[in-house]
Amino acid sequence: MEDPQRFGAEPAAVRETDHYQAEYIQSFVEKWDELIDWDARADSEGKFFIDQLKARDKHTVLDVAAGTGFHSIRLLKAGFSVVSADGSAEMLSKAFENGRQRGLILKTVHADWRWLNRDVHGKFDAIICLGNSFTHLFDERDRRRALAEFYAALRHDGILIIDQRNYDGILDVGFDSRHKYYYCGDQVVAEPEYVDDGLARFRYQFPDGSVYRLNMFPLRKNYTRELLFEAGFQRVSTFGDFQETYQERDPDFFVHVAEKAYE
Ligand code: SAM
């Protein structure tokens, strides 16, 4: 069987941070925007991120998981100054192209989070790491390292906005996505095909029959919050599907807004 994403003979054994490079191959990247459906995603999240940034008077933003550029482009259009970084060159070139088609020139930087400050220079008011991206880190040392790099790239009162799937729900109850948020393309079937405490392997089937997979680490909500505090953030507010109040099991996604400043 063809294996362009290089999962090998034992796909459930692939639990390495570096493997994201092999997963975001050109043909999958080309399909990514079908998966997320930009218009539906913009409607579903509304102005949530823009409001969070404006409420805290943040202007310069580093999008560390730019992907195909959805949030970088939304924020640029809303008047923020944005630098778009990603560890995948394929994703970055698609983001640049998406920006160009909308009359925008994205400032792109090819950078892995674990040594972000080697390649990204300057301090930012805010960092965003969205679209369930942090889940790609399989080793706890990599998560701590990445958060330390994010922390260092922020100004003294900077904020990090980072999101994740509701893996607690998936691990404890089972998967139930109504695809209301984030991955909104209704022509794409996205669901987990294997889950244990150390792996959530998702399968994405597109209308043309093509199938891609992503191996991700199932971050529990409180574990991520703990890591954020341990990285030095003083306050962490966690939203469920963009709402302040929610039942733990209900949301598809959690968004953490982590603040550096002491109150
Ligand atoms: N933020 C985009 C969105 O919401 O559509 C893309 C999300 S995609 C699930 C995850 C992105 O994180 C990919 O573009 C991938 O290349 C990037 N990524 C994963 N691990 C990374 C790492 N260690 N360093 C830098 N980028 C990484």
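Predicted model: local features only at pLDDT ≥ 70, side-chain atom pairs only at ≥ 80, totals over all residues.
User: In what order do the three strands of the open sheet stand?

Analyst: Residues are numbered from 1 along each chain as its sequence is written, and side-chain values use heavy atoms, leaving out hydrogens and water. Strands here are DSSP runs (E, at least two residues; helices are H or I, at least four), numbered from the N terminus, and two strands pair if DSSP finds at least two bridges between them. The pairing is antiparallel and the order is E6-E7-E8.

User: Which strands stand at the edges of this sheet?

Analyst: An edge strand has a single partner strand, so one side is left without a neighbour in the sheet. That is the case for E6 (189–196) and E8 (211–216).

User: How many bridges join E6 to E7?

Analyst: E7 covers residues 199–205 and runs antiparallel to E6. One of the pairs is aspartate 196 with leucine 199 of E7. The number of bridges joining E6 to E7 is seven.

User: At what angle do helices H2 and H6 pack?

Analyst: Axes are lines fitted to C-alpha atoms, for helices over the stretch in contact, and angles run from 0 to 180 degrees between N-to-C directions. H2 (residues 26–36) and H6 (residues 89–101) have axes 9 Å apart. Their packing angle is about 40°.

User: Which strands does H2 touch?

Analyst: Contact means heavy atoms within 4.5 Å. H2 packs on the sheet, its direction making about 90° with that of E8. The strands touched by H2 are E6, E7 and E8.
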